[in-house]
Amino acid sequence: LAYAPEAGTPLVADPGYQLARAAIEAGHPVHAAPGASAVLAALAVAGLPTDRFLFAGFPPAAEGARQRFLAGIRDTPATIVLYESPRRVGRLLGVLSLAFGAERPAAVCRELTKRFEEVRRGTLGDLAQALEGTELRGEVVVVVDRAPERAADPASVDAALRQALAASSVKDAAADVARSFGLPRRDVYRRALDLAAGGE
């Protein structure tokens, strides 16, 4: 089955992501046609969300610089795409597992659109264990699922609302705080009304 939409690369900015994920979950191989960028090919076959992604390039090889680099992208609310030397992929996965959490979904894509194409999917912990001590060959793209949403602390939301209400209308304060915490605007607006009326 070939999926070839009229609006550019499929599976990245269209509903094809659901098709790819369903095919992967059913045990079918998913391949991308050769294109100009390994980033887009990896996103198409990884089975991870494609509506928003960050191409972060090659992580630094030096340990300290690598830790700082990963800490800077760990909480990104988008799928993360990394390039890595095949000799260092196992090490990178181990570091990612510790820095991002072993349960975070990911995919290791190797030699995309070529004869020996391989896509390994699983959690960072499982992939790190499977590839520990293994030296891959060819070009490698690592795709990591976005950071999980964290429950907002009600006290922090209230503090942010009080601060915003001191300078803005209830509507604007609620909109700003909802955006900052990734919360439904309607719920934050109700809480802002309570606080503006002197509620606790």
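These exercises work through salt bridges in a predicted model. Local features need pLDDT of at least 70 and side-chain atom pairs count only at pLDDT 80 or more, while totals for chains, interfaces and linings use all residues. Residues are numbered from 1 along each chain as its sequence is written, and side-chain values use heavy atoms, with hydrogens and water left out.

**Exercise 1.** Find how Arg146 and Asp51 are paired, and where each one lies.

Solution.
- Apply the salt-bridge criterion: a side-chain nitrogen of Lys or Arg within 4 Å of a carboxyl oxygen of Asp or Glu.
- Arg146 and Asp51 meet it, with the closest N and O atoms 2.6 Å apart.
- Arg146 sits in the loop between β5 (140-144) and α6 (154-165), and Asp51 in the loop between α2 (38-46) and β1 (53-57), so the pair ties together parts 95 residues apart in sequence.
- Helices (H or I, at least four residues) and strands (E, at least two) are DSSP runs, numbered from the N terminus.

**Exercise 2.** Classify Arg146 and Asp51 by accessibility.

Solution.
- Use the cut-offs: buried is under 20% relative accessible area, exposed over 50%, partly exposed in between (1.4 Å probe, protein chains only).
- Arg146 has 22% and is partly exposed.
- Asp51 has 63% and is exposed.

**Exercise 3.** Which elements does the salt bridge between Arg91 and Glu63 tie together?

Solution.
- The closest N and O atoms of Arg91 and Glu63 are 3.1 Å apart.
- Arg91 belongs to helix α4 (residues 89-100) and Glu63 to helix α3 (residues 63-73), so parts 28 residues apart in sequence are tied together.
- Arg91 is partly exposed at 35%.
- Glu63 is partly exposed at 39%.
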